[in-house]
Amino acid sequence: MTHSTASAEFRFYEELNDFLPPERRRASFAYSVAGTRSVKDAIEAIGVPHTEVDLILVDGLSVGFDRVLRGGERVAVYPVFERLDIAPLQHLRPRPLREPRFVLDVHLGKLARNLRMAGFDCLYRNDYRDSALITAALAEHRIILTRDKGLLKQRLVTHAYFVRRTDSEEQLREVIHALQLDTGLRPFTRCRECNAQLRDVPKAQVLERLPSSVRASYDRFQLCPGCGRLYWEGTHYARLRRLLDRAAPADAGSRGY
Ligand SMILES: [Zn+2]
C-alpha cells in the first residue's frame, strides 16, 4: 500500500463520529497533516473538539496532544467518556471530576433547571459570554455543558461536553447517560431557580404562605435559603420523578439514549 507521506490515516470512535461528515464516520480516512503542528491540531482541523477526546493511539501507542505527525501514521481517536479498559495507556486529562458541577451556556436554561432539580450544582445565566463561562469552569472546576462547538475548541477549555439533543428532557437523559451521573442523583435537594441547596422547614413555620389546598394535602416542605421559594411534593415533584425515572432507568449502564 502506498500513501502520500504528508497524510495520515484517521479513525474516530463512538460519539466522536457526531462531529464528522457522513463519509468519514466509522471509517478510516486519509487526512493531510502537512501544516498541522500536532495531532491535536489535525483532530480539530477535521472538526472534532479536543475536549471530546480522551485517548489517541498513533500506530497502536497512546500519545499526548502534542505528538507531531509526519505522515503515514495510523491514528485512532477515542472519546472522553468511552468506557474501555485502557488503564495502562496515557489519558489526556485527569479522571472525571469526583462531584461533577456544571456551568451551562445560554442555550441550556431548561436543562440547567432540570439538572438542579436532580441535585446537581449548575451555574447558568442567560447572558453568559464564552469568557465568563470558561472562567467559572476553571475557577470552580466545573464541567461546561454547551451546544456551541466553537466554545469547545478554545484552548483553555479542559472539561466540557457537547450536548447533542435539542429537547430539554432528552438533554437531561443524554447528559446523565453520557457523563455517568446515575449514582449522583439527589432529587429535590436544590433550588431549580437559584441553585441553592434546599432546607427542610416545619409546616407550622410556613403555614401562612400555603394555599389552602396545599395546606390540607402536604406535610413536608423545603425552603430555598437563596430566593425564599417554597417546595412541596406537588406537581413539579411528580413531573420530575417521572422524568428522572426515564432518564436513569434500572439498566442505566447502557449507553443508548
Ligand atoms: Zn432559590
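In helix 1, the residues Val39, Ala42, Ile43, Glu44 and Ile46 are buried, and in this predicted model they pack against strand 1, strand 2, strand 3, strand 5 and helix 4. The protein chain that holds this helix has eight helices and twelve strands, and of its 257 residues 46% count as buried. Among the contacts in the chain with a separation of 6 or more, 59% are made by residues 24 or more positions apart.

**Helix 1 and the largest nonpolar core**

- The largest nonpolar core has 34 residues, of which Phe10, Phe12, Ile43, Ile56, Val75 and Ile144 touch the most other members.
- Two or more residues are given to this core by each of strand 1 (7–12), strand 2 (29–32), helix 1 (39–46), strand 3 (53–58), strand 5 (74–79), helix 3, helix 4 and strand 9 (160–162).
- Just after helix 1, the chain passes through Gly47, which takes a positive phi of about 120 degrees.

**Strand 1 and its two partners**

- Strand 1 is joined to strand 2 by four bridges, and these two strands run antiparallel; within this pairing, Ala8 has Tyr31 of strand 2 as its bridge partner.
- Strand 1 is also joined to strand 5 by four bridges, but here the two strands run parallel, and the bridge partner of Arg11 in strand 5 is Ala76.

**Helix 3 and what covers it**

- In helix 3 (residues 130–139), the buried residues are Leu133, Ile134, Ala136 and Ala137.
- Seen down the helix axis, the buried residues of helix 3 fall within an arc of 160 degrees, so they line one face of the helix.
- On the face of helix 3 turned away from the buried side are the exposed residues Thr135 and Ala139.
- The cover over the buried residues of helix 3 includes strand 6 (102–104), strand 7 (122–124), strand 8 (143–146) and helix 4 (149–152).
- Just after helix 3, His141 takes a positive phi of about 50 degrees.

- Leu145 lies in strand 8, and because its relative accessibility is 0%, Leu145 counts as buried.
- When neighbours within four places in sequence are left aside, the residues in contact with Leu145 are Phe102, Val103, Leu104, Asp105, Leu108, Leu111, Leu115, Tyr161, Val163, Val175 and Leu179.
- Leu145 and Ala112 are separated by 33 residues in sequence, while their C-alpha atoms are 9.3 Å apart in space.

**The zinc site**

- The zinc ion has as its protein donors the SG atoms of Cys191, Cys194, Cys224 and Cys227, which lie 2.2 to 2.3 Å from the ion.
- The angles among the four donor atoms run from 95 to 121 degrees, and the site of the zinc ion is tetrahedral; for comparison, the ideal angle for four tetrahedral donors is 109.5 degrees.
- Along the sequence, the donor residues follow the spacing C-x2-C-x29-C-x2-C.
- Cys224 counts as buried because its relative accessibility is 1%, whereas Cys227, with a relative accessible area of 41%, is partly exposed.

**Positive phi in loops**

- Most residues other than glycine have a negative phi, which gives the background for the next two residues.
- Glu14, in the loop between strand 1 and strand 2, has a positive phi near 50 degrees and is partly exposed, with a relative accessible area of 39%.
- Asp59, in the loop between strand 3 and strand 4 (61–62), likewise has a positive phi near 50 degrees, and at 48% relative accessibility Asp59 counts as partly exposed.

Definitions and conventions: Residues numbered from 1 in each chain as written. Predicted model: local features only at pLDDT ≥ 70, side-chain atom pairs only at ≥ 80, totals over all residues. Heavy atoms only, no water. Buried < 20%, exposed > 50% of the residue type's maximum accessible area, 1.4 Å probe, protein only. Arc of directions from axis to C-beta. Contact = heavy atoms within 4.5 Å. Core = buried A, V, L, I, M, F, W, Y, C linked by side-chain atoms within 4.5 Å. Donors = N, O, S within 2.8 Å, 3.2 Å for Na, K, Ca; no water. Tetrahedral: all angles 85-135°; square planar, octahedral: opposite > 155°, others 65-115°. Pairing = 2+ DSSP bridges.
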